[in-house]
Amino acid sequence: MGGRVVASRFLRRVSGTMDKAAAALNSRGAVAVLVGRFTAVLRAMMPALAGTARMPYRTFAVYNAIGGLIWGIGYCLLGYLAGSAYEAVARQVGAGFAIAIAALVVAALVVWAVRRHRRAPA
């Protein structure tokens, strides 16, 4: 099905991302599969893109599995460490202050994401 999958009406909304991903697959190959694991749209579309780019299945499967392990373990570990840090802060300064700090961190991340989105070329 190749290009018909990428050219479908459903994927026109993310065509810029899809074009960048296809270009990365052609230039970087299997490393693009590994890195694509950390981007939501690419994580879902990488198998179709790799097939469209005619990447050998064995190469795709190996790098996809490695990326899945790193992604899964990494995000679980990140959540565990965040929870552990919250407990340490809560013991030292109280739960209310810890919640306030967490809210400030979330607000800072939101501001950063909005600014990054506005700076991105259309």
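Guide: The protein chain exposes about 9100 Å², and 66% of this is supplied by carbon and sulfur atoms. Accessible areas come from the Shrake-Rupley method with a 1.4 Å probe, and for residues only the protein chains shown count as cover. This is a predicted model, in which local features need pLDDT of at least 70 and side-chain atom pairs count only at pLDDT 80 or more, while totals for chains, interfaces and linings use all residues. Residues are numbered from 1 along each chain as its sequence is written, and side-chain values use heavy atoms, with hydrogens and water left out.

The chain has six helices and zero strands. Helices (H or I, at least four residues) and strands (E, at least two) are DSSP runs, numbered from the N terminus. Of the 122 residues in the chain, 17% are buried; buried means under 20% relative accessible area, exposed over 50%, and partly exposed in between (1.4 Å probe, protein chains only).

The part to look at is α5, which runs over residues 57-93. This helix has 37 residues and reaches 53 Å from its first C-alpha to its last, close to the 54 Å expected at 1.5 Å a residue. The expected span is 1.5 Å times one less than the number of residues.

The buried residues of α5 are F60, G67 and A90. Their cover includes α3, α4 and α6 (95-119). One of them, F60, belongs to the largest nonpolar core, which has eleven residues. A nonpolar core is a set of buried Ala, Val, Leu, Ile, Met, Phe, Trp, Tyr and Cys residues joined through side-chain atoms within 4.5 Å. The elements that give two or more residues to this core are α2 (15-28), α3 (30-36) and α4 (40-52), and α4 gives the most, with five.

Another buried residue of α5, G67, is touched by R37. R37 lies in the loop between α3 and α4 and is itself buried, with a relative accessible area of 18%. Not counting residues up to four places away in sequence, R37 also touches R43, N64, G68 and W71; contact means heavy atoms within 4.5 Å.

A nonpolar patch of about 790 Å² is made by V31, V35, F38, V62, Y63, I66, I70, Y75 and L78. Patches are made of residues with over 30% relative accessible area and no salt bridge: like charges are joined within 9 Å, nonpolar side chains (Val, Leu, Ile, Met, Phe, Trp, Tyr) within 5 Å. A salt bridge is a side-chain nitrogen of Lys or Arg within 4 Å of a carboxyl oxygen of Asp or Glu. α3 and α5 each supply at least two residues of the patch, and α5 gives the most, with six. F38, also in the patch, is found in the loop between α3 and α4 and counts as partly exposed because its relative accessibility is 37%.

The last stop is A88, also in α5. At 31% relative accessibility, A88 counts as partly exposed. A88 and A98 are ten residues apart in sequence and 9.3 Å apart in space, C-alpha to C-alpha. Just after α5, G94 takes a positive phi of about 100°.
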